[in-house]
Amino acid sequence: MATDDQGHEGSDVWEDFQQGYVPEDNLDIHPDLDLHEQYTKDIDTVTYEVLRHRLWTVNEEHGQTLENVSGSPVAYFGQDFNPTLMTHDGEVVFNGPYVQLFSPIAELQVKWILENRSDNPGIEPGDIFISNDPWVGSTHQPDVFFVAPIFVDGELFCWIANTLHQYDIGGKSAGSFVPGASDVFEESTPIPPIKAVEGGEVRKDVKQMYQRHSRMPDMVGLDFNAQVAGLQVTQEQIHDLIDEYGAQTVKGVMDRIIEDSETKFLEKIRELPDGTWRAREFMEGSKTGDDDLYVAELQLKKEGDTLTFTNEGSAKNEGSMNLTYAGFRTAISCAVNPMLLYDQLWVTSGAYRHIDIDTDPGTLNRAEYPSGVSCGGTLSIELSIALIYDVMTRMFSASDETRDEIITDPLAGLIVLSQAGMDQWGNPFGTMNLDVMGTGFGARTDKDGIDVGGILFSPKGKLPNIENNEQDYPMLYLYRRESEDSAGHGEFRGGGGMDSCFIPHNTEAIQTVVAGNGGVTPNTRGIGAYPGAPIRSRTVDGSDIEERFENQEIPGDIEEVDGDMETYPPKAEFVQGAIDVMETRSPGTAGYGDPLERDPEKVLEDLKEEIVSEEAANDIYGVVFDDDDERTVDEQATEDRREELIETRLAESTIPAEE
Amino acid sequence: MSYLVNVDIGGTHTDGVVIDEQGEITDGKVASTPDDFSAGFFSSLEVMANKLGTDIEGLLNDTELVSHGTTVGTNAVLEGDDVDTKLVTTKGSESVLSMMRGAAGRTSGLSVEEYLHMQEVTKPDPLVSKKDTYGLNERIDCMGDVVVEFDEEQARDIAETIAESDVDSVAISCLWSFLNPDHEERMEEILEEEIDSDVFLTRSSDLTPTWGEYERTAATAINALIGPSTSEYIEKIDDRLEELGYDGTLLVMQVGGGVAPAEDAIREPVRTIDSGPAAGMTGCSYLADTLEHDNIIAADMGGTSFDVGLITDGEPITKATNVVRQYDYSIRNIDIESIGNGGGSIAWVEENTDRLRVGPQSVGADPGPACYGQGGEKFTVTDAAVLCGFIDPEYFLGGRESLDLDSAKAAAESLMDATGMELMDVARGVIEISNAQMADLISQRTINKGYDPRNFTVYAYGGAGPLYLPSIANRLSVDEIIVPTGDSSSVWSAVGISSSDVLHRNEESNMRTFAPFDPEDMTEQFSTIEDDIRADLESEGFDDEDIRLERYANLSYGLQVHEVTVPVPSGELTEDDMGEIISRFEEKYEQLYGEGAGASQTGFELVTLRVDGYGESTKPSLRAEAAEAHTDGGIVETEEIFWPAENEYLDTAVYYQDDIGPGMDFDGPAVMRLNNTTVAIPESDSGEIDQYNNIIIQS
């Protein structure tokens, strides 16, 4: 269905909208658009380092401008955004240190714009395109991309983009996160790249169309201004740099930054033997009310310098559980960056030059239109990240050089809690509770994970204070703490998740939507150790909490409270009444190595800090303590217990093929 | 003679200055003595006394005021003092310190390269372990209302348990205590009844009544942790000064920008953390007032780090929280950003990519840069400066030390091999990269925060600042650089301490008040805060005419999180004042965050009221002696010096300490090799030395 325009066709737009845009190596760009492709390779070491630092700073400042102008709690507390600097043809030069997922994906936006907007409406200086189409290049609809070209002497020199999560961009659930959707028509309508700023002037019609999507047009309008301001400030700074150093030099530095990341990536990959690694996990329920399990599979084939991902055996797309090509592609950066490119400031583009994605369309990890994808940016992407970690960490185990770089980070699941109702100040409220940030952080091969270390790919995303949440929403916490036994057990254990327990306060009830995965089976098995504890949400309805408060008692655990205990499936909707106590458990991460190899003293320490229960210490770590006041390790009993556990393992082990 | 004596103890050096009535500065720089920092304090006094031809007693007899900036508290928290500390908090909130707000705990205060190296990052050791944390049955909500009454019996049990242990210090921090301190206060009373009187008690609603339990509890716990050792240290200095004949008050520098009498400082030692750089900023503020500069970039480059702070409209910018050992804690402080980029920063080459890098690691005082000849094998920024010729190896630190050029060359060899560069290219590269990093930090702090650096003057100090800042200023199009008081710029933090007033700062936060604001209510709230502060200052002996109270309000737009501080008039407030507060807020918001960034349609919220109360102390006179004008700098020698930014050798005028003085004019390229620092004036610049000995460089 491509349009014919003076020999320029662009990509097959309607196939892109159906299966997800996959750029060819050679982009079909309208010949009238001149690209700045010249650069000098002759850059001295000092100029390179000076400009590299400067470009990083400019991009980071881009993020700070965005945060400053927006002033929205999502930007400020959640740090749910990221700025990106790209070459003329869309390769990423720098990502900001915020939410990583947003940057590699910006490349798809730029390439699609080059192919399909270069003649009509055209790409001109001062233009800004906006887009949130998951089939072009967005994780899900609330993550809106603002993308701007920068021209030098009539040639397209580079691109800058920013992405900011929006409170609400439409769809049938407030917050635009619709776990109950059967297809995309119940979600926010995707916006493919459209020109919102033309030659520096905001197009009012486009801005209004965009704001009209939302239940909160004021907030969306403010963020629109912030995203435009971020790009415009950055544009000026890039122009200043070009004036000072010359376009050829600046472009040469950009090229070398990517080349450096490619070199680093290849150096590590070449340590590894060729082979294929496989992983298989599950999505629990395709939408709210569905309790079936859906298989997600992934294969990673390494052949020479190329890594190829396939997803043979994955379930068909259904309900709201799905992830588009773009989301899967960017998920790869969450494993490659921290494990291979940490000293390249997470520049993934050099690695992407050697990564092929050959997944089957129509599946939950490569969704076809019109399946539901609004949960893709959180739940499905987290499942994909887990699968990618599973295959990559197994591959990295094949060489000493790469094994040390392993972080067993994928979360056992993810739980997103949306709450709405009337707040204690008499106003309606709706929020995605940022307690979601309180996850574990993975084990390393020589040290434990980090309890409540937060989401790996969002290093600046803070967990809110209890006082922040209680101020803004009608809640009262009974406790919030590291969740006991939620860290994946291992010689080096994973990072534990968090228990949050609260009641509605100064309100009658809270409308609650839980969207999660990894509640029945963890998203990942890790390698040679235990996975983290899965997510869990439960309530005690009609509780006796009021009497307890009157008796000056704060329950230490939800199980102490009297009332009707209900445990929810990963995706659920319900009303939390005024005296219903609710508890959620955010996930932990997997451990590394056999827990029977763990230093018993460390197990004792974990016991004292309430990270590991005595039961787990005894049955999983095989550690026995002396029965005195000052707990100490009983060395002989521990040795015996560990031998006993090994014997049990041998006795119980079977080879599946022979069964 | 009546002296002001200041001693600033840093990690490696203890800097002392004595300032006389004419503004003459005598310095005393000695090595710090980490085993007992007070030893360094008194040996600095001794050095200065000797220079003035007397002994410590003689010096102190003629001293009006002794002020002190100390790193003891910082060291105690960095090294994890061996203090048995307990935390009492609301039941259910016992994990507040170990959770550290998730990702913040593994990233706060670290450079991006550090926190992205996730194979290595961890959260720090706990300030207080969970087994030493006690959860109280009590609960207050966001309105300040009691939801669960304070459980007297349980509180008594907890106090008894604590009393039976080997406790040194107890922190009390409960949820919402900043709105309603009743439960915390009751817990404190019970503890006072049960535990020994020498146990150090800190209560969050007293120390820092601010919103956000993690940052408030961290501040309280840090104060508790360092309290016993820091107070012991300050008392020791105070007692010894008295023995030696000093009969005044010992003033201790605070990170918020003022000083506190010793007796207050020992209760709140957390305020001494990072107070050294704050003293430098206070000094800049004082000098800026004299020189009538409104906007200053204060740039301090020492051996290991480069610190930048801003003064706008004559006031240092402050922020509500600070970071130490990855803990964010709520103590208002002068906002200073720091990167690992100093004279001792190490140059290195990244594997595989062959990038030449500088810092953030540095060699420290021992062994120091390669050119020190103390066995250091790493090539540093200072080595590069020696190779370029800025520093004369035979005349280092005014000829007190000599340097080893060959060691510097030898250290450069591995870099030359790895990069294929020539010796002088390496030297140029290291300085250029280091300068670029510093320029980037300054631009982040200015351009990015809504300030145009061209409207600022750079004050360059610290041992290494005057050598590099003039070149960096050129890069940022800043026209004027001041090296404050010339050679004393190397001990500028010590000078700065004596320009600080006694400061009491109280805030009342999170009142959830929306416009229109009631002027009567606001007046009443301010008056209550002011009465408390005035009482404190009066009890410290300040008369009414020496007390200055300044009101501030933090506002935000209804749906946005950024708070902006605006000044509020004193006295009875009127409706007009309310309108003025809002319009000032809107104006400043737009300046900081950009045109159209504010959402006035979402209303205005009053977030915090704050009063800064100053008790004015004696200030140094900065006026230098009216010296014979060295208008020509004497007979000027020239040397071939290699200028990295220009990438060439230039015939450069070279001045030594005795060649310069007030009234002198100079033209670049020039180098001033002073007793404690080196000033490099690029070719495009010229300048003069003013009556205060300030070296003013203009481009």
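# Notebook: strands, cores and contacts in a predicted model

**Entry 1: a pair of leucines.** I began with Leu555(B) and looked up what it faces: its bridge partner is Leu606(B), which belongs to E28(B). I remind myself that I am reading a predicted model.

I then asked how the two strands run. Strand E26 (residues 547-557) of chain B pairs with E28(B) in the antiparallel sense, over 11 bridges.

Is strand E28 mostly buried or exposed? I found that 11 of the 12 residues of strand E28 (residues 604-615) of chain B are buried, so the strand is largely enclosed by the rest of the structure.

**Entry 2: the other partner of E26(B).** E26(B) also pairs with strand E27 (residues 564-568) of chain B, again in the antiparallel sense, over five bridges. Here I noted that Asn554(B) stands opposite Thr565(B) in E27(B). To get from E26(B) to E27(B), the chain goes through a hairpin of six residues.

Entry 3: I checked the scores next. Chain B has an average pLDDT of 90, and 97% of its residues score at least 70. For the model, the ipTM is 0.94 and the pTM is 0.93.

Ile331(B) sits in the loop between strand E18 (327-329) and strand E19 (333-334) of chain B. Why do I call Ile331(B) buried? It is because 27 other C-beta atoms lie within 10 Å, and the cut-off for buried is 20 or more. Setting aside neighbours within four places in sequence, I listed its contacts as Thr208(B), Ala219(B), Val255(B), Val270(B), Arg271(B) and Asn322(B). Val270(B) is 61 residues away from Ile331(B) along the chain, yet their C-alpha atoms are separated by 8.0 Å.

Ile582(B) belongs to helix H19 (residues 575-593) of chain B. I counted it as partly exposed because it has 19 C-beta neighbours inside 10 Å. Its contacts, not counting residues up to four places away in sequence, are Ala515(B) and Phe604(B). I also looked up Pro620(B): it is 38 residues from Ile582(B) along the chain, and the C-alpha atoms are separated by 38 Å.

**Entry 4: the nonpolar cores.** I reminded myself of a general rule: in soluble globular proteins, nonpolar side chains tend to be buried together. The largest nonpolar core here holds 372 residues, and those touching the most other members are Ile128(A), Val147(A), Ile388(A), Ala221(B), Ile222(B), Ala299(B) and Val458(B).

I followed up one of these, Ile222(B). Leaving out neighbours within four places in sequence, it is in contact with Val77(B), Leu127(B), Val270(B), Val324(B), Tyr327(B) and Tyr329(B). There is also a second, separate core of 11 residues, with Leu607(A), Val612(A), Ala616(A) and Val624(A) among its members.

**Entry 5: a covered helix.** I wrote down some of the buried ones, including Leu467(B), Tyr468(B), Leu469(B), Ile472(B) and Ala473(B). After H16(B) comes Ser477(B), with a positive phi near 60°.

**Entry 6: where the chains meet.** How many residues of chain B are in contact with chain A? I read off 69 residues of chain B, in contact with 71 residues of chain A. Several elements of chain B each supply at least two residues to this side, including helix H10 (213-243), strand E22 (356-362) and helix H15 (423-445). H15(B) gives the most, with nine residues. Sorted by class, the chain B side has 24 nonpolar, 28 polar and 17 charged residues.

**Entry 7: domains.** I ended with the domain assignments. Chain B is divided into domain 1 (80-226), domain 2 (275-500) and domain 3 (502-615). The C-alpha centres of its domain 1 and domain 3 lie 29 Å apart.

Chain A has domain 1 (13-266), domain 2 (410-592) and domain 3 (600-658). For domain 1 and domain 2 of chain A, the C-alpha centres lie 34 Å apart. Their contact takes 14 residues from domain 1 and 17 residues from domain 2. On the domain 1 side of that contact, I found eight nonpolar, six polar and no charged residues.

Technical notes: Residues are numbered from 1 along each chain as its sequence is written. Chains are lettered from A and ligands numbered from 1 in the order in which they are written. This is a predicted model: local features need pLDDT of at least 70, side-chain atom pairs count only at pLDDT 80 or more; totals for chains, interfaces and linings use all residues. pLDDT is the predictor's confidence in each residue, from 0 to 100. Domain bounds come from an automatic or database domain assignment. Two residues are in contact if their C-beta atoms, placed from the backbone, lie within 7 Å. Helices (H or I, at least four residues) and strands (E, at least two) are DSSP runs, numbered from the N terminus. Ala, Val, Leu, Ile, Met, Phe, Trp, Tyr, Cys and Pro count as nonpolar, Asp, Glu, Lys and Arg as charged, and the others, Gly among them, as polar. A nonpolar core is a set of buried Ala, Val, Leu, Ile, Met, Phe, Trp, Tyr and Cys residues joined through C-beta atoms within 7 Å. Two strands pair if DSSP finds at least two bridges between them.
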